[in-house]
Amino acid sequence: MALSRKLVQQRSSVFGSRYMSWWRSVEPAPKDPILGVTEAFLADPSPDKVNVGVGAYRDDNGKPVVLECVREAERRIAGNLNMEYLPMGGSVKKVEETLKLAYGENSEHIKDKRIAAVQALSGTGACRLFADFQKRFRPESQIYIPVPTWANHHNIWRDAHVPQKTFRYYHPETKGLDFTGLVDDIKNAPNGSFFLLHACAHNPTGVDPSEEQWKEISKLIKEKGHFPFFDMAYQGFASGDPERDAKAIRIFLEDGHLIGIAQSYAKNMGLYGQRVGCLSMLCEDEKQAVAVKSQLQMLARPMYSNPPVHGALIVSTILGDQELKTLWLKEVKGMADRIIGMRTALRENLEKLGSPLSWEHITNQIGMFCYSGMTPEQVDRLTNEFHIYMTRNGRISMAGVTTGNVGYLANAIHEVTKST
Ligand code: CBA
């Protein structure tokens with residue numbers, strides 16, 4: 001029987017008010033400073049628009065790239081793939097291959113089974129898992145984070161309820177490393193602090209310590225009994241060679257540190273959306289590594305249970321096959337070289353335009369990003385007047401610069417900076 005109109009009104013007002021009150025106090029979240037840029041770019045109908053916001057590699061036509069080694073791995077996997085769950089710690093084969101990249105092909109630590117490692121939801125997931133582990137097992141600890149850093153680092157450790165401190169890293173005047181500040185801050189931190197370090201291709205500055213400086217940093221961190229945690233999201237993107245880009249980590253290993261590493265295949269294999277990464281922690285012995293791994297799995301289980309299978313299979317297929325691995329190394333170098341070429345082109349274009357400013361840092365910095373030194377207001381002008389999208393801290397994702405847009409970009413940068 002149909003309900004009377006009065007009854008319907010009564011019911012909807014009762015239910016309506018009860019349900020609405022649950023989320024009434026929820027305000028819209030602020031836009032993410034990086035991914036929000038992509039949203040704004042997509043919404044802009046201008047044919048001139050350029051996205052140099054997010055760190056995602058594009059080919060010289062501005063198109064996303066699927067590496068040939070990935071295509072071939074997918075061909076080999078096709079038909080052989082079942083859709084079963086991976087174990088909580090992910091694919092054992094994929095993790096083994098991933099550890100070799102960070103710790104070295106013939107690492108003693110791998111042989112001695114001293115590394116607790118699990119497949120993680122890309123680099124972000126690896127950092128978050130570590131932050132949660134840190135909170136659970138060292139609840140009194142803090143994390144020292146470089147200034148500046150990838151904006152999401154702050155969110156990750158905040159949501160894991162780990163208090164944050166900062167350490168000096170970048171010098172705005174020299175547009176290089178603030179080595180003195182960095183050393184002082186390491187020395188002044190309470191003994192046994194946690195330090196977050198970018199293993200290579202620092203985001204957003206593109207400024208890495210030299211080998212000598214890494215040696216000094218490692219020595220000091222050891223003296224102070226700090227714990228070094230490396231975020232390695234860009235292995236291969238700094239020099240073009242993943243082995244060379246692991247240098248900082250190898251220095252720390254030689255010096256006998258116990259370290260943690262977050263690895264990601266988003267950039268260096270172009271597996272952005274596959275969310276395939278790894279968290280590893282070097283322990284004192286095998287027994288400790290077994291315990292730590294079991295606890296990492298225990299953290300993963302109630303969050304996402306186990307990681308996705310497809311990306312892991314792509315990675316293990318590529319790295320487990322010499323021919324595909326060689327192709328991958330060639331393709332990583334190709335991506336890094338294209339970016340290096342675009343750095344030179346951007347700098348030359350700005351110099352040709354007669355810019356009164358020095359743009360030397362564009363070619364001095366390495367990795368995916370150029371920390372241009374532009375102010376938030378200048379970036380706003382680039383967006384509003386030229387449809388160029390980038391983060392307001394002045395970071396240019398060099399991976400989005402192409403032969404086709406570099407002239408336009410240089411001209412726009414010149415326009416907004418020439419009177420400073
Ligand atoms: N660490 C650092 C230092 C990063 O720059 C990024 C990616 C990650 C996470 C970890 P993933 O989880 O995809 O493996 O990477 N940073 C960005 O490239 C972008 O992907 C960036 O534009 O800064 C992001 O998520 O913000």
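"In which loop does Pro 204 lie? Please note that the model before you is predicted.

Let me begin with the ligand itself. The ligand sits in the largest pocket. Its shell comprises 17 residues, of which Ser 122, Thr 124, Asn 203, Tyr 234 and Lys 267 come nearest. Sorted by class, that shell holds seven nonpolar, six polar and four charged residues.

Where does the shell come from in the fold? Domain 1, which spans 32–66 + 329–417, and domain 2, which spans 86–320, each supply at least three residues to the shell. Among the individual elements, helix α6, residues 122–137, gives the most, with three residues.

On the side-chain part of the site, Thr 124 places an N or O atom of its side chain 2.5 Å from a ligand oxygen atom. A nitrogen atom of the ligand, in turn, is 2.6 Å from an N or O atom in the side chain of Asp 231. Gly 55 takes part through its backbone, where an N or O atom lies 2.8 Å from an oxygen atom of the ligand. As for cover, the ligand on its own has 530 Å² of accessible area, and the protein covers 93% of that area.

Let me close with the backbone geometry. Most peptide bonds are trans, and most residues other than glycine have a negative phi.

To answer my opening question, Pro 204 lies in the loop between β7 (194–198) and α9 (211–224). The peptide bond joining Asn 203 and Pro 204 is cis, with omega at about 15 degrees. Asn 203 is also one of the residues that come nearest to the ligand.

A cis bond is likewise found from Val 147 to Pro 148, with omega near -5 degrees. Pro 148 belongs to the loop between β3 (143–147) and α7 (151–159).

Finally, Arg 275 has a positive phi, near 55 degrees, although this residue is not glycine. Arg 275 is located in the loop that runs between β9 (260–264) and β10 (276–282). Thank you."

How values were computed
Residues are numbered from 1 along each chain as its sequence is written. This is a predicted model: local features need pLDDT of at least 70, side-chain atom pairs count only at pLDDT 80 or more; totals for chains, interfaces and linings use all residues. Side-chain values use heavy atoms; hydrogens and water are left out. A residue is near a molecule or strand if one of its heavy atoms lies within 4 Å of it. A polar contact is a pair of N or O atoms within 3.5 Å; within protein, one must be able to donate a hydrogen and the other to accept it, and residues adjacent in sequence count only if both atoms are side-chain atoms. Accessible areas come from the Shrake-Rupley method with a 1.4 Å probe; for residues, only the protein chains shown count as cover. On a 1 Å grid over the protein atoms alone, a cavity is a set of points where a 1.4 Å probe fits but cannot get out, and a pocket is an open set with protein on both sides within 12 Å along at least five of seven lines; lining residues have an atom within 4 Å of a point. A molecule sits in a cavity or pocket if more than half of its atoms lie within 2 Å of its grid points. Helices (H or I, at least four residues) and strands (E, at least two) are DSSP runs, numbered from the N terminus. Ala, Val, Leu, Ile, Met, Phe, Trp, Tyr, Cys and Pro count as nonpolar, Asp, Glu, Lys and Arg as charged, and the others, Gly among them, as polar. Domain bounds come from an automatic or database domain assignment.
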